[in-house]
Amino acid sequence: MECILLGSGGMMPMPYRLLTSLLLRHQGGLYMFDAGEGTQINLKKSGFGIKDLRVLAVSHLHGDHCLGVPGLLMMRAQVPDPGPLTVLGPPGIGRFIQQVHESLAFFINYPVTFVEWTEGGPQVAYEDPLVRILWAPLKHTTLCLGYRLEEHPRPGKFKPDRAEGLGVPPGPLWGKLQHGEHVTLDDGRTILPDQVLGPPRSGRKICYAVDTQPSKDLYRMCHDVDLAFLDGMFLPEHREEAVNKGHMTVDDAARVAARASAQRAVLVHISPRYTEEDVGKLADAARARFEKAEMGSDLQRFEIPYRD
Ligand SMILES: [Zn+2]
Ligand SMILES: [Zn+2]
């Protein structure tokens, strides 16, 4: 599992920092969070391609998070048989895309399913054989969703001594048991995976939560994740503005990550006012609260290893 930040800025794309968008790759599947203007540029640079994009999760209907979606859908139609795409987002995301689609009459060669968040609706927005994506409303000036992507739990560690004790010969049968399948021995006995595996191990988890102030649901989305991508728009000295605009200062974001027991935090949606030279100040303020916090940068890559 790996991630690439396609952009790390907020409000408007700048020559030195594109708008915040995250792309996660896991076993050939791609999952994207937000697409503002210009996301296509760094997507091309990333070399990840677009054919395998399964999910495009939009946080909210502010232009810096969704104006790149129509262009991405057009770009994806350039490849043959790209397969279905699920678009997640707040109420209105489907109408927005459909209106642009109608107005421009652009070509799409794949099915698009829209899943819109509803009050009291399911907490799992999407699920496939590899991962599930949860969502929750955050605290911004409009309805903004935070996302949590969780890899499904893995089977427990294989215990060779137990397999041998049960008379399972080393070889392909061990492999089947390791992958959670039951096997039948020559003498007719059936061996279940539970008999030779330790307890299930949790999968890897990430959180993507931008354009928000600290909130209970933000902590929930962020709890115990391996990697948290969080709104870190302002320096502590610009706190009043952060509050008025529904954002966090970098120290707010770092504190949330630390309290939520995130393993590592990457702060994004950096205000366009801060030049590359200011990023050091932002990073220092974040690290003062949480030593595993850092400022994100465009095209930065993150490997997400298993903890055990
Ligand atoms: Zn924004
Ligand atoms: Zn916003």
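**Notes on the predicted model**

1. Leucine 299 sits in the loop between β15 and β16 (301-303); helices (H or I, at least four residues) and strands (E, at least two) are DSSP runs, numbered from the N terminus. Although leucine 299 is not a glycine, its phi is positive, at about 70°. With a relative accessibility of 30%, leucine 299 counts as partly exposed; buried means under 20% relative accessible area, exposed over 50%, and partly exposed in between (1.4 Å probe, protein chains only).

2. On conventions: this is a predicted model, in which local features need pLDDT of at least 70 and side-chain atom pairs count only at pLDDT 80 or more, while totals for chains, interfaces and linings use all residues. Residues are numbered from 1 along each chain as its sequence is written, chains are lettered from A and ligands numbered from 1 in the order in which they are written, and side-chain values use heavy atoms, with hydrogens and water left out.

3. Most residues other than glycine have a negative phi. Aspartate 224 belongs to the loop between α7 (216-222) and β13 (227-231), and at 24% relative accessibility it counts as partly exposed.

4. As to the overall fold, the protein chain contains ten helices and 16 strands. Its radius of gyration is 22 Å, close to the 19 Å that the globule rule gives for 308 residues, so the chain is as compact as a globular protein of that length. The radius is taken over C-alpha atoms, and the rule is 2.2 Å times the number of residues to the power 0.38. Along the principal axes, the C-alpha atoms fill a box of roughly 70 × 50 × 40 Å.

5. Of the 308 residues, 53% count as buried. Among contacts (heavy atoms within 4.5 Å) between residues at least 6 apart in sequence, 65% join residues at least 24 apart. The chain exposes about 13,700 Å², of which carbon and sulfur atoms supply 52%; these areas come from the Shrake-Rupley method with a 1.4 Å probe.

6. Helix α3 (residues 69-76) is mostly covered, since seven of its eight residues are buried. The buried residues are Val69, Pro70, Gly71, Leu72, Leu73, Met75 and Arg76. Their cover includes the strands β3 (29-33), β4 and β5 (85-89), together with the helices α1 (39-46), α2 (63-66) and α4 (93-104).

7. Leucine 192 is found in the loop between β11 (190-191) and β12 (205-209) and is partly exposed, with a relative accessible area of 45%. Apart from its neighbours within four places in sequence, leucine 192 is in contact with Leu177 and His182. The C-alpha atoms of leucine 192 and arginine 76 are separated by 43 Å, the two residues being 116 residues apart along the chain.

8. The chain carries 34 positive and 38 negative side chains, and the centres of the two sets lie 3 Å apart. Lys and Arg count as positive and Asp and Glu as negative, with His and the chain ends not counted. The whole structure holds 20 salt bridges, each a side-chain nitrogen of Lys or Arg within 4 Å of a carboxyl oxygen of Asp or Glu.

9. Which residue forms a salt bridge with arginine 54? The partner is aspartate 128, with the closest N and O atoms 3.4 Å apart. This pair links distant parts of the chain, 74 residues apart: arginine 54 is in strand β4 (residues 53-57) and aspartate 128 in the loop between β7 (124-127) and β8 (131-137). Arginine 54 is partly exposed at 28%, whereas aspartate 128, at 10% relative accessibility, counts as buried.

10. Arginine 264 and glutamate 294 also meet in a salt bridge (2.8 Å, N to O). Here too the pair links distant parts of the chain, 30 residues apart, with arginine 264 in the loop between α9 and β14 (265-268) and glutamate 294 in strand β15 (residues 293-295). Arginine 264 counts as partly exposed at 29% relative accessibility.

11. Within helix α9 (residues 250-259), aspartate 252 and arginine 255 are three residues apart and therefore separated by about one helical turn. Their side chains meet in a salt bridge (3.4 Å, N to O). Aspartate 252 is buried at 8% relative accessibility, while arginine 255 is partly exposed at 23%. Both belong to a network of salt bridges that links Arg239, Asp251, Asp252, Arg255 and Arg289.

Note on methods: The place of a charge is taken as NZ of Lys, CZ of Arg, CG of Asp or CD of Glu.
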